[in-house]
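Colleague: I would like to learn how to read a pocket and the packing of helices in a model. Could you take me through the features one at a time?

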Amino acid sequence: MEDALDAQDKAQSAGQTVGQGSGKSSELTVEQLIEMKAVGVTPEFIEAMRKAGYEQLSVRELVELRAVGVTDGFLKEVAGWSQKTLTARELVEIRTSGLTN
């Protein structure tokens with residue numbers, strides 16, 4: 001649970017969309033923390049996403065990216081394919097389609 005709390009701190013310091021659903025809370029819900037922990041959203045993962053230019057990901061997007069296996073290595077590979085920054089949805093679609101270089 002400590003990793004989940006560290007991830008919460010990272011998410012909040014990165015300006016993540018937290019308390020999703022109500023749009024009012026600045027705190028992650030217990031359900032979100034459990035979901036993040038279950039798929040492996042760690043502070044390191046959040047930091048890797050930030051360094052790759054994905055600073056405004058929602059909790060849902062972080063969970064989806066991690067669940068399909070998006071890594072910083074994958075982001076570097078995909079960055080060479082496109083001159084524009086891909087959306088989280090596009091990254092998930094590329095990853096799940098099995099496209100590789």
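Predicted model: local features only at pLDDT ≥ 70, side-chain atom pairs only at ≥ 80, totals over all residues.

Colleague: How much space lies in the largest pocket, and which residues are the closest to its centre?

Modeller: The largest pocket holds about 200 Å³ of space. Its lining consists of 14 residues, of which Ala52, Tyr54, Leu75, Lys76 and Ala79 are the closest to the centre. Sorted by class, the lining of the largest pocket comprises eight nonpolar, two polar and four charged residues.

Colleague: Turning to the helices, by what are two packed helices described?

Modeller: The description of two packed helices rests on the angle between their axes and the distance between the axes. In this structure, α3 and α4 pack with their axes 11 Å apart and at an angle of about 100 degrees, which makes α3 roughly perpendicular to α4, since angles of 65 to 115 degrees count as such.

Colleague: Which residues of α3 and α4 meet there?

Modeller: From α3 come Phe45, Ile46 and Met49, and these meet Leu62, Leu65 and Arg66 in α4. The contact of α3 with α4 divides into five nonpolar residues, no polar ones and one charged.

Colleague: At what angle do the axes of α2 and α4 cross?

Modeller: The axes of helix α2 (residues 30-39) and α4 cross at roughly 20 degrees and come within 9 Å, and that angle makes α2 roughly parallel to α4. The crossing of α2 and α4 is left-handed. On the α2 side the contact is made by Gln32, Glu35, Met36 and Val39, and on the α4 side by Val59, Arg60, Val63, Arg66 and Ala67; by class, the contact of α2 with α4 has five nonpolar residues, one polar and three charged.

Colleague: And is the crossing of α4 and α6 left-handed or right-handed?

Modeller: The crossing of α4 and α6 is left-handed. The axes of helix α4 (residues 59-67) and helix α6 (residues 88-97) come within 9 Å and cross at roughly 15 degrees, which makes α4 roughly parallel to α6. Here Glu61, Glu64 and Leu65 in α4 meet Ala88, Arg89, Leu91 and Val92 in α6, and the residues of this contact divide into four nonpolar, no polar and three charged.

Definitions and conventions. Residues numbered from 1 in each chain as written. Heavy atoms only, no water. Axes fitted to C-alpha atoms, helices over the stretch in contact; angles between N-to-C directions. Helix = DSSP H or I, 4+ residues; strand = E, 2+ residues; numbered from the N terminus. Parallel < 35°, antiparallel > 145°, perpendicular 65-115°, else oblique. Left-handed = near helix turned anticlockwise from the far one by under 90°. Contact = heavy atoms within 4.5 Å. Nonpolar A, V, L, I, M, F, W, Y, C, P; charged D, E, K, R; others polar. 1 Å grid on protein atoms, 1.4 Å probe; cavity = no way out; pocket = protein on both sides within 12 Å on 5 of 7 lines; lining within 4 Å. Points joined across faces, edges and corners; volume = space filled by probe spheres on them.
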